[in-house]
Amino acid sequence: MGITNHAQNFAPPLQDSEGKSNLIGLSYEELAEALAALGLEKFRTKQVWSWIYHHGVTDFAQMLTLAKPVRDKLAENFTLARPVIAQDQKSEDGTRKWLVKMLDGQEVECVHIPESDRGALCVSSQVGCTLTCRFCHTGTQRLVRNLEASEIVMQIMLARDALKEWPSGKEDRLLSNIVMMGMGEPLYNFENVAKALRIVMHGEGIAISKRKITLSTSGVVPMIKRCGEELDVGLAISLHAVTDELRDQIVPINRKYPIKELLQACRDYPGVSNSRRITFEYVMLKGINDSPVDAKHLVRLLRGIPAKINLIPFNAWPGSPFECSDWGTIEKFGDILNAEGYASPIRTPRGRDIMAACGQLKSASIRLSAAERASIDAIIKEKEQAQNLI
Ligand code: SAH
Ligand code: SF4
């Protein structure tokens, strides 16, 4: 199987075994059309939308503002079924990771990171990733497909089910923020990600505002502008290196879109300002990108861009080729950035014990065997060839 620039889109079945299609993942307009096709009045859309996304019901019988014949009609034609949770792991620090099995059997991971008064859900956009950043476990997963919008929305709904956070709109939500930082490159699946996020942001449903959503990209430059114009969500850039020479090696999409072009796209990001900074993620790799010279170079590169820098201690995975920088080195790096006026928090690794930390996600059912681990370079080469990166 070849891997194209954008993931293979062998679309998953959209209907269940009884031939019923799922209403989750339809845009508001599509839902209106689906209901109209059943002969339901227009005002029903608002009610059904609210039952699905505000109340989170999983059964049409629970839609109490609808007359019984209407509920029956909906149940005959549609479903609200969630994907199966194939695994539910809880870290000693409270981080929780779900392995979500889609209708076609493909699996993605989704992680909830609780904090005292809020919490973020790290959502996946693809099964695996076509890209091959050297420090990232997802990048070693061979099988890749885009997730449908419904499959992206359902990760959030599943988490809300598990956290018992229906209906929407409660104060102090455990799931208050969304970060598109799970498996996959969201800007290589923009249409589905955008559709899903529009559903999630809709004020009469899940209602998580654009201010609480961050999309992280390894640098798909041509899509960054659209992301800002159409979604206006927070942007995070996986920078990780300050020279093209190094970034070409560890974040190979750099060979297509080098640092200068990437940073220009950041300068031009619609809505960027001092109150809405771009986050630059920088994974700390021992002896590779963590010297004081790198830190100073980083400051120079980001000059003029409203930015905050997130230093991420490298999270190791079985067979990973790097080590995490020493704590003192990370602090020294951070001090240089702080002295230049950059907020540069060091991200506390969460959920390491359950392989839920940044860059450790990979469908549990296809963890690398020892033999495959030995051929990791072959996998990466195959994927890079398919991407025309080499
Ligand atoms: N594909 C997107 C989003 C998912 S990765 C992107 O690359 O931005 C989310 C973040 O985790 C990225 O900044 C990524 O570079 C970082 N990451 C990947 N592997 C990591 C690892 N092993 N340790 C720490 N961070 C890692
Ligand atoms: Fe893909 Fe992001 Fe991992 Fe790179 S860091 S391989 S873009 S998921």
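Predicted model: local features only at pLDDT ≥ 70, side-chain atom pairs only at ≥ 80, totals over all residues.

Buried or exposed, I asked of C133? Its relative accessibility is 15%, and the cut-off for buried is under 20%, so C133 counts as buried.

Next I looked up C110. Its relative accessible area is 0%, so C110 is buried too. Then I went after disulfides. I had to keep the cut-off in mind here: the two sulfur atoms must lie within 2.5 Å. By that rule I count zero disulfides. For C110, the nearest cysteine sulfur is that of C122, and it sits 7.8 Å away. That distance is over the 2.5 Å limit, so C110 is in no disulfide.

**Strand β6.** C122 took me to β6, which covers residues 119-122. Which way do its residues point? G119 and L121 go one way, A120 and C122 go the other way, and I find all of them buried.

I then checked the neighbours of β6. On one side I have β5 (residues 107-114), which runs antiparallel to β6 and is joined to it by four bridges. I noted one pairing there: H112 has L121 of β6 as its bridge partner. β5 and β6 make a hairpin, with four residues between them.

β6 also pairs with β9 (residues 177-180), this time parallel, through three bridges. In that pairing I see A120 standing opposite N177 of β9.

**The whole sheet.** How many strands are in the open sheet, and in what order? I get nine, with mixed pairing, in the order β3-β4-β5-β6-β9-β10-β11-β12-β13. The edges are β3 (84-90) and β13 (307-313); each has a single partner strand, so one side of each has no neighbour in the sheet. From one strand to the next, the twist averages 20°.

At the β13 end, I looked at the pairing with β12 (residues 278-284). The two strands run parallel and are joined by seven bridges. V283 has I312 of β13 as its bridge partner.

I also picked N310, which lies in β13. Its relative accessibility is 14%, which is under 20%, so N310 counts as buried. What does N310 touch, leaving aside neighbours within four places in sequence? I list T279, F280, E281, Y282, P345 and R347.

One more strand residue: K97, in β4 (residues 96-101). A lysine, buried or exposed? At 3% relative accessibility, K97 counts as buried. I also took its C-alpha distance to D248, which is 151 residues away in sequence, and got 31 Å.

**Helices.** I moved on to α5 (residues 190-201) and α6 (residues 221-231), whose axes come within 11 Å and cross at roughly 20°. That angle is under 35 degrees, which makes α5 roughly parallel to α6. The contact involves F190, E191, A194, L197, R198 and M201 from α5, and M223, R226, C227, E230 and L231 from α6. I have the crossing of α5 past α6 down as right-handed.

How does α4 (residues 149-163) pack on α5? Their axes are 8 Å apart, at an angle of about 40°. I therefore wrote α4 and α5 down as oblique to each other. From α4, the contact uses A149, I152, V153 and I156; from α5, it uses N192, V193, K195, A196, I199 and V200. The crossing of α4 and α5 is right-handed as well.

Back to the sheet for a moment: α5 lies across β9 and β10 (213-217), and runs at about 165° to β10.

**I206.** Last stop was the loop between α5 and β10, where I206 lies. Its relative accessible area is 0%, so I206 is buried. What is I206 in contact with, once neighbours within four places in sequence are left aside? I find Y53, V153, I156, M157, R160, W166, S168, R173 and V200. Of these, V153 and I156 had already come up in the α4 side of the α4 and α5 contact, and V200 in the α5 side.

Definitions and conventions:
Residues numbered from 1 in each chain as written. Chains lettered and ligands numbered in written order. Heavy atoms only, no water. Buried < 20%, exposed > 50% of the residue type's maximum accessible area, 1.4 Å probe, protein only. Pairing = 2+ DSSP bridges. Axes fitted to C-alpha atoms, helices over the stretch in contact; angles between N-to-C directions. Parallel < 35°, antiparallel > 145°, perpendicular 65-115°, else oblique. Left-handed = near helix turned anticlockwise from the far one by under 90°. Contact = heavy atoms within 4.5 Å.
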